[in-house]
Each structure stands twice: as C-alpha cells, then as structure tokens.
Amino acid sequence: MNPEFIKTICPYCGTGCGLIIKVEDGVAVATYPDREHPVSRGSLCIKGWSAHEFINHPDRLTDPLLRKGDTFQKIPWDEAIPMAALKLRETAAKYGGDAIGGLSSAKCTNEENYLFQKLIRMAFKTNNVDHCARLCHAPTTVAMVQALGSGAMTNSISDLAGAECIFVIGSNAAESHPIIMGEIYKAADKGATIIAVDPRETAVTRNAKIHLRINPGTDIPLLCGMMRHIIDEGLHNENFIRARMEGFEDLNEFLHLWPVKRAAEECGINEEIIRNVAEIYAKVKESAIIYCMGITQHACGTANVLAICDLAMLCGHVGTEHSGIYPLRGQNNVQGACDMGALPNVYPGYQSVSDSEIQNKFQNAWGDTLSNKPGLTVTEIIGLAGKDIRAAYIMAENPALSDPDTNHVLESLKAFDFLIVQDIFLTETAKFAHLVFPSSCFAEKSGTFTNTERRFQLLRKTVAPPGNAKEDFEILCLLGNALGLDFSYKNPSEVMDEIASLAPAYGGISFDRLEREGLQWPCPDLEHPGTRYLHKDRFTRGKGLFVVPEHTPPKELPDEDYPYYLSTGRMFAHYHTGTMTRRSSFLNREVEEAYAEINPEDAALLDVKDGEKIKITTRRGSIITNARITKRVSKGCIFAPFHFAEARANMLTNPALDPRSKIPEFKVCAADVRKESQDG
Amino acid sequence: MLEKTKNIARQILEEKKASAVFGLMRNEWNIIQPHLFEDPAGLANLVLEPKWLLAKLAMRILRSSPENYKLAVICRGCDERALIELIKRNQIEKENLLTIGIACSQEQAAICLCDRPYPEKLDAGEKVSGVDPFQDERVRKFLIGNDKERMKRWADMLKRCIKCYGCRNSCPICICEPCKLEDDVWVQRGVVPAETITFHLIRAFHLSDTCVACGACQEACPVNIPLLYLQLGMRKTLREKYGYEAGLDPETKSPVLSSAFEKPDTDREFPDWINSLREEDES
C-alpha cells in the first residue's frame with residue numbers, strides 16, 4: 001500500500017508546531033515538518049522530528065487492567081466501564097460527591113477536557129477538577145486576569161520577529177520552546193536587543209546581547225528596580241497610563257522601596273546593568289517580554305507575574321502588534337485544558353463557578369444541578385487522598401513524577417480507596433491504580449489543541465490505537481453514559497459545537513473553520529477572523545490595573561545543613577515525565593541517563609569528576625544521579641532536569657505553595673550534595 | 001505550466017509508466033501537502049507551489065516499495081539534482097524513477113540564491129536565469145574579512161544550534177547509516193549547542209561534493225543559521241577548479257572520489273575562504 005502523509009499537531013510543548021505523519025500500512029513511520037504551518041513553517045525541534053517514535057512502542061497499553069494484589073489483569077471494556085462507574089458512584093454515595101477528585105490532562109484535546117470536567121461536575125456535583133497547569137502557569141492565570149483581564153499570551157508567536165527589544169526572563173526557550181526561539185533570532189537579526197535574565201547560563205543567555213545572572217528568586221527586586229529607574233528617568237508612558245491604567249499612584253509609592261541600589265544588592269548584579277536594561281526596554285517603540293517557569297514556579301509566582309505585567313503596562317508595551325507579554329505554555333494543550341474549564345473554579349471560558357448567573361446557564365444547558373463551591377487543586381486532591389478525597393480519576397497525568405515532594409505523593413497515591421488512571425503507558429502513577437484505561441496518543445485521535453498563542457488547531461487521526469485501546473473521547477462517553485449522563489456525542493466536532501455555544505470567547509470555533517490554519521481566540525462568532533493580539537484599545541478588564549508586587553524570598557534558602565540552591569527544569573531532548581520521550585529511540589540515544597549540573601568549583605571541593613555519581617539530598621528526600629560538571633550553573637547552585645523516573649528531581653523539591661495560585665516552588669530549594677561512593 | 005504538468009502526469013498514469021506520481025496536492029480546505037497520485041482523476045488537485053523538496057521523501061518511498069515499483073516525481077532543478085546524486089550513491093534504481101521537470105520562477109531563484117533554477121530535463125515551464133549567490137550581500141557578509149572575523153561570524157551563528165538534526169533530516173543527500181553525527185566519538189551527546197567543528201563541519205564537509213544547493217537544511221533550521229552559505233564556497237571551488245557540479249548527470253564521478261585513483265594535480269591553488277572556519281587561537 002502506498003504511504004499517506006497526514007498533517008497534524010505536535011504532542012510536545014505549547015508552541016503547537018505542524019507535523020506531517022507518514023503512514024505506511026496503518027503504522028506511523030516518520031515525521032516531517034509542515035512547510036505551510038503558520039507557526040513552525042517547516043521547522044521542528046528534535047522532539048518534533050521524533051514524534052512518531054513512541055507510538056508503536058511495545059510498552060503501549062492495549063487492554064483495560066484491573067489490579068489483583070500487586071499485579072494487573074487484563075479485562076474487557078464491558079467489565080471495566082461498569083466497574084469504574086459503580087465504584088465512583090458508591091464512593092460518592094458514601095462520602096459525598098466532594099470525595100471524588102478528577103485530574104484532567106493538558107496532553108488531551110479540548111473536547112476531551114471539556115467532557116472530563118463536565119463528567120466530574122455533573123456526575124458528582126463537585127468542582128474537584130484540575131490539571132497540571134497548576135504546576136506551570138497557575139500564577140499567570142491569576143495575575144494576568146487581575147491586571148489585564150485575560151490570562152493568555154497577549155500576542156502571537158510570529159509577532160515577536162518585529163519587536164525591537166525582547167526581554168526573556170526565566171525561560172530557556174532554546175531548549176523548551178525551540179521554534180519560538182527562532183522568532184527571537186529573527187528579531188535579533190533585524191537588530192532587536194535580546195536581554196536574558198536567568199541564574200543559569202543557557203542557550204538563551206549565551207545568544208542574548210545582555211545576560212543578567214541574578215540570584216535565584218530575585219525577580220521582583222530586579223523588575224521593581226527597573227521600574228523605579230524608568231519612573232525616575234521619566235521613561236514611563238504617561239499618556240498610556242493616564243488613558244488606560246489605574247493604580248499608578250500605589251505602584252509608584254511602593255516602588256520607592258526598591259531603589260536600583262537595593263535591587264542590585266538583592267539580585268547580586270551591578271546597578272549600571274539594571275539601569276541599562278530598564279532604559280533599553282522602556283525606550284524602544286515595541287518591547288516584548290517572554291517568561292516561563294523561572295517566573296511562575298515560586299512561592300511568590302503570582303507576584304512575579306504581576307511585576308512583569310506592571311513593567312509592560314508602565315511602558316505602554318501592551319496592545320500593539322510587536323509588544324506584549326508572552327507566558328510560554330509548556331504542554332501542547334495546557335492552554336486548551338484551562339480554556340475548557342479543567343480548573344476547580346471556572347467553567348469553560350473562565351466563567352466562575354460561584355457566579356449564580358453562570359451557574360444557571362450551565363445548569364440549563366447541561367440539564368442538572370451543579371455545585372457553586374470552588375473545588376480542590378491538583379496538589380490538594382493528591383494531598384488529601386484517603387482523607388477528604390476517597391476516589392480519583394486521573395486522565396493522562398503523571399503526578400508521581402511531576403508533583404513536588406514525590407515521597408509524599410507516592411504515599412498519597414496508595415491512599416485512595418479507588419484510583420482510575422487513563423493513559424497510553426503504565427506510568428509511574430498508573431502503577432498505583434486499581435483500574436487502568438488504555439487510551440490514545442495524539443496520532444490516534446481527532447480533536448483540537450490550543451497552542452500558547454490561543455490558536456485552536458485541528459488534530460487529525462493518522463493511525464488506530466493499539467489493541468483494544470480507545471480514544472479518550474470514546475472512553476469519556478462510555479463512562480459518562482454509564483454514570484447516567486447523556487454523553488451520546490457522535491464525534492469531537494459535536495462537542496466543539498457545544499463548547500462554542502457555552503463559552504462566548506470560542507463562539508466562532510467549529511471544526512470546518514480550523515482546517516487550514518486554525519483560529520486564535522477570542523473568536524466570538526462564525527464570521528470573526530480570530531484575534532492576533534489582545535488589549536488593543538482596551539484591556540479585557542476595561543482599564544489595566546497596576547498591582548503592587550510584594551517580594552517574598554524563596555521559602556527555603558541554603559543554610560549550613562543544605563548549602564546549595566537546587567533548581568529543576570527541562571532539557572532539549574526530553575519532555576516532562578519522559579513517558580513519551582524516553583520511549584523514543586532517537587531522543588533516548590541523545591540522553592539516556594539522569595544527570596544534574598554542578599559548577600566545576602563545587603565539583604572540585606567534593607572531589608567529583610564528570611559523569612561520577614552524586615547524591616543530592618533535601619529535607620524531602622534524596623536521589624543519586626550523574627554529575628555533569630559545567631559553568632552553566634553558578635557556584636553553589638545545582639540544576640536537575642525532572643524527566644527521569646530513576647532519579648526523580650521532585651523527590652527533592654519543596655511543596656511550599658504560592659498562596660494565591662497554589663503553584664509549588666519547584667525552582668528553588670536548599671540541598672546538600674555528596675559524592676556517592678562508587679562501590680555503594 | 002500547471003496544466004502541462006498535469007497532462008504529462010496523467011499520461012504517465014494512464015499509460016502505466018509509473019505506479020504513482022509524487023507531487024503536491026491541494027485539498028478542498030486549501031491544505032497543501034506531499035501526495036502520491038495513483039488515479040488520474042486525482043490530478044485535478046495537483047499544485048506546484050510552494051517550493052517543497054520531494055527528493056528525500058521520494059527516495060524513502062522507493063526504498064520501501066516492491067522491487068519493480070516505478071515512481072514519477074515532479075521536481076524542480078534542485079530536486080532533480082538530488083535524485084541524480086541519490087542514483088549515483090545507489091540509493092535509487094535509475095530504472096524505477098521518472099521525473100517531470102518543472103522550472104522555478106525568477107522570484108523563487110532569488111529567494112533560494114539558486115544559480116540553476118531549472119532541471120536538466122525540463123518538461124514544463126520556462127527556464128529563467130540563475131542568481132550568482134556570491135553577488136548577494138547576505139552571502140558576502142559571511143565571506144569578507146580575515147579568517148578571524150569570518151570565524152567569529154560563523155561561531156555567533158552556530159552557537160544558536162539547538163541540535164534538532166533538522167539540517168541532516170531534511171537534506172536529500174544526508175543518507176549515511178550510521179550517521180557520524182550520532183557517533184559520540186565525534187559529537188558529544190546531550191548538550192546544546194552542537195559543537196561547531198565536529199557537528200556542523202563534519203556535516204558540511206560530508207556534503208562538500210554532493211550538495212545540490214537546494215537549501216533544505218537552511219529552510220528546516222529553526223534558528224535561522226544560513227547553512228546553505230557553508231556549502232556555497234565548496235560548490236564554487238569544485239566548479240571552477242575541477243569543472244564539477246553535483247547532480248548534473250549520473251555518470252560523472254565526483255573529483256573527491258576520482259582523486260583517490262588519479263594522480264592529484266599539485267599545482268592547484270586553494271581558494272582564500274578555505275580556512276575561514278579555522279578555530280580561533282586559544283589566545
């Protein structure tokens with residue numbers, strides 16, 4: 001049979017690049033870049049090029065699995081679905097619907113996320129539904145909604161190429177969002193100034209004009225120092241502030257706490273460089289800010305994002321084509337999972353569950369009563385396992401690796417009375433399940449993903465799922481119906497039409513409009529062309545709001561017992577919990593083993609050579625990993641990627657939460673490092 | 001040009017000269033992608049734009065097909081040259097390949113800095129004259145100055161590399177197995193950027209006498225490294241000093257191969273750009 005070439009969307013990061021999957025005899029055999037794709041335009045990163053590799057891996061789940069003691073037994077779907085429904089219903093009857101928790105998935109489609117939250121909300125009358133956005137951009141949603149009225153990236157990826165200054169803070173886009181890094185280089189090649197802020201040296205900082213190597217957790221001092229200087233020099237945009245902003249006086253007053261001198265001391269850099277970057281950012285016509293986990297994964301994550309919004313609005317660098325604020329979303333559909341209301345406080349389209357008018361709207365549409373009490377977050381659902389939460393349904397999430405303080409998470413996963421995990425592999429989390437549903441990967445289903453620039457894109461089915469595995473859409477419909485709901489959807493397109501009817505920002509989205517290039521929300525009606533950049537003449541909330549960003553240092557700083565800063569993150573060849581990338585032969589060949597970066601001076605003190613084993617210990621636990629000696633980390637700092645199940649960086653991380661967004665502080669904790677004896 | 005191409009393709013399918021015609025298809029949604037046309041009626045959806053290199057895809061199709069499977073490929077000049085190089089390297093059986101050669105527009109030639117924007121076997125479209133890439137400012141920028149300056153310019157570009165392997169994956173001639181870039185004797189695994197000398201220069205020199213200047217590497221590069229410019233000097237030297245150009249006909253062997261058997265001509269001068277990629281002194 002002749003091969004077919006089918007266009008679809010990459011399953012890895014939030015950039016949403018276009019792939020062409022080559023299918024031979026029903027098997028995905030190769031991935032090529034899509035020259036016509038509006039974002040990636042014929043380029044891919046190493047992960048994108050390898051996207052087909054894990055699809056046919058022998059570890060794929062092919063049948064529902066039922067726990068029997070320490071092992072699993074294959075069972076047919078017509079036993080698995082009724083059993084799941086029965087157990088969930090029994091639990092809800094005995095302990096109340098709020099004893100059920102659901103973790104939806106940023107890897108799944110919009111339609112699947114919509115059905116998931118609808119199932120949890122309708123069947124159990126609870127809002128205990130959340131997903132891993134809690135661990136990445138929860139502060140973005142909270143802060144940007146407060147300051148601008150919308151939690152999404154303000155502009156489009158291709159707009160970056162026209163910026164005159166790009167300020168990158170806490171983002172290693174070159175490894176985590178490589179195709180977006182390409183847009184930054186396009187701007188640089190046209191003469192834009194690239195400024196990078198990162199305690200580590202990364203591919204971004206090496207290619208930036210200016211690198212501010214600040215102390216970990218000192219983003220607010222830096223941003224406040226810059227703002228103080230901008231106001232003192234009269235470089236703020238007074239017309240913009242007068243016409244479009246509120247709260248300037250309070251901010252200005254607050255910023256007197258942050259003269260450049262104090263900021264420089266906190267950050268560990270010199271004053272002149274702060275003044276210099278502040279002037280560059282403020283003076284050019286259009287400046288963009290890119291940020292990522294280096295900003296959000298702190299106990300002060302929300303305040304960090306607020307400080308970024310303040311800086312951008314202070315200079316009027318919002319609401320034009322090439323300025324804006326770019327939170328880079330991590331998962332292929334984390335934007336969509338949030339948009340679809342897989343969050344404990346909002347329905348699809350960020351409509352509050354506690355607003356009675358909204359509640360009525362959804363009750364009428366769905367034909368049942370709904371709870372108006374905001375639900376629990378990811379970390380709370382896991383943390384309360386066996387206590388307030390008796391049963392959980394986890395769709396394609398892997399908290400056993402992704403959540404902080406793994407030892408505690410593993411204890412919790414054991415504590416559920418009943419745990420259902422739906423995934424494509426028997427993940428570290430699925431190993432704790434009572435019942436496992438085998439589901440479909442990106443290449444085996446249709447639906448939509450929404451990328452980091454709010455673009456709904458069509459995912460096309462290229463091959464069938466393996467064995468008896470089913471599309472998540474079908475599993476959700478079966479379970480919904482078994483729970484007594486009317487989930488008789490014929491296809492994902494029908495679900496999208498229902499979403500469009502309930503969430504005004506997506507009112508104009510329908511599958512047949514998405515075929516060629518997708519559509520960027522807000523897209524309120526079928527005639528609307530989509531929105532390239534937000535807040536043009538007015539902010540989504542009306543006026544923009546300056547909010548004072550209070551600085552709180554990291555909750556755990558190095559001390560005598562734990563003298564190192566430990567930071568976690570991603571590297572270019574692997575992705576998140578490694579479920580897919582570590583089963584891709586090409587990616588796994590590039591990086592086979594866990595490692596942590598350590599500065600040469602520290603390595604010398606510890607008598608550790610490159611590639612030797614080190615033991616990293618924090619107050620939560622310890623891991624043994626390979627030392628990678630490099631000046632990319634400063635003396636006194638350790639960096640550990642979190643992709644590796646055999647040396648889980650999250651054994652070490654601090655579960656301290658940002659009080660407003662409840663994101664854990666993945667980016668800073670205190671650690672001790674020892675050389676691990678080779679014979680031990 | 002499009003109608004003529006469709007007619008030729010239709011004839012090939014109707015006369016069963018090939019099992020399929022490989023080209024670009026535009027569907028009802030205006031989506032364009034590579035496609036195997038097996039049914040003459042499907043040719044209504046055939047398009048020729050945008051420039052989309054098909055040689056490597058065509059090779060993969062032929063290599064996974066039954067022995068006597070014949071494929072007709074709609075190709076531009078660069079695609080034709082790449083296919084000829086693949087024949088020379090025993091990747092494609094000459095008898096199993098038909099080409100339908102189409103000419104590029106002047107505009108396309110300018111975008112690609114192409115000095116030969118047409119196939120030798122031209123079936124549809126009018127030849128336009130090529131562009132001399134060495135007259136282009138963007139290329140000259142990488143060739144002027146002393147070797148230190150040139151090295152600096154390249155180092156600044158190559159340190160952007162994110163090691164996607166897109167240059168290798170998309171290059172129609174990059175077919176070695178195992179690939180030297182995957183051999184950790186040469187290239188350190190797991191770090192970005194890929195090393196300039198062992199990654200980029202191994203790749204560039206591996207292709208010194210086979211590069212057909214299609215620009216696929218550069219087009220696939222996510223970080224805008226002008227990889228094509230790395231090859232242009234070597235192509236120029238082969239043409240000017242050895243009278244050789246990759247991909248023009250299947251019979252002429254590369255001087256890199258022939259010099260292994262023939263007495264080298266010691267009087268040749270080295271072109272001045274040849275050390276532009278020398279590593280900077282430690283000082």
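1. Arg189(B) and Glu592(A) form a salt bridge in this predicted model, with their closest N and O atoms 3.7 Å apart; the term requires a side-chain nitrogen of Lys or Arg within 4 Å of a carboxyl oxygen of Asp or Glu. The count between chain B and chain A is five salt bridges.

2. Across the interface of chain B and chain A, 22 residue pairs are in polar contact, both residues at pLDDT 80 or more. A polar contact is a pair of N or O atoms within 3.5 Å; within protein, one must be able to donate a hydrogen and the other to accept it, and residues adjacent in sequence count only if both atoms are side-chain atoms. By class, the side of chain B that touches chain A has 23 nonpolar, nine polar and eleven charged residues. Here Ala, Val, Leu, Ile, Met, Phe, Trp, Tyr, Cys and Pro count as nonpolar, Asp, Glu, Lys and Arg as charged, and the others, Gly among them, as polar.

3. Chain B contributes 43 residues to the contact and chain A 44, where contact means heavy atoms within 4.5 Å. About 3,700 Å² is buried between the two chains, 54% of it on carbon and sulfur atoms; buried area is the accessible area (1.4 Å probe) that two parts lose on being put together, summed over both. Within chain B, the most area is lost to chain A by Trp29(B), Arg160(B) and Val192(B), together 15% of what that side buries.

4. Chain A has an open sheet of seven strands with mixed pairing, in the order β5-β4-β18-β17-β16-β6-β7. Strands (E, at least two residues) and helices (H or I, at least four) are DSSP runs, numbered from the N terminus, and two strands pair if DSSP finds at least two bridges between them. The edge strands of chain A are β5 (71–74) and β7 (129–130), each pairing on one side only.

5. In chain A, strands β16 (residues 391–395) and β17 (residues 418–423) run parallel and are joined by five bridges; Ile394(A) stands opposite Val421(A) in β17(A). Strand β4 (residues 65–68) of chain A runs antiparallel to β5(A), with four bridges.

6. His137(A) lies in the loop between β7 and α4 (138–147) of chain A. The residue is buried, with a relative accessible area of 0%; buried means under 20% (1.4 Å probe, protein chains only). Its side chain reaches the backbone oxygen of Leu328(A) at 2.8 Å.

7. Residues are numbered from 1 along each chain as its sequence is written, and chains are lettered from A in the order in which they are written. Local features need pLDDT of at least 70, side-chain atom pairs count only at pLDDT 80 or more, and totals for chains, interfaces and linings use all residues, while side-chain values use heavy atoms, with hydrogens and water left out.

Methods. Buried < 20%, exposed > 50% of the residue type's maximum accessible area, 1.4 Å probe, protein only.
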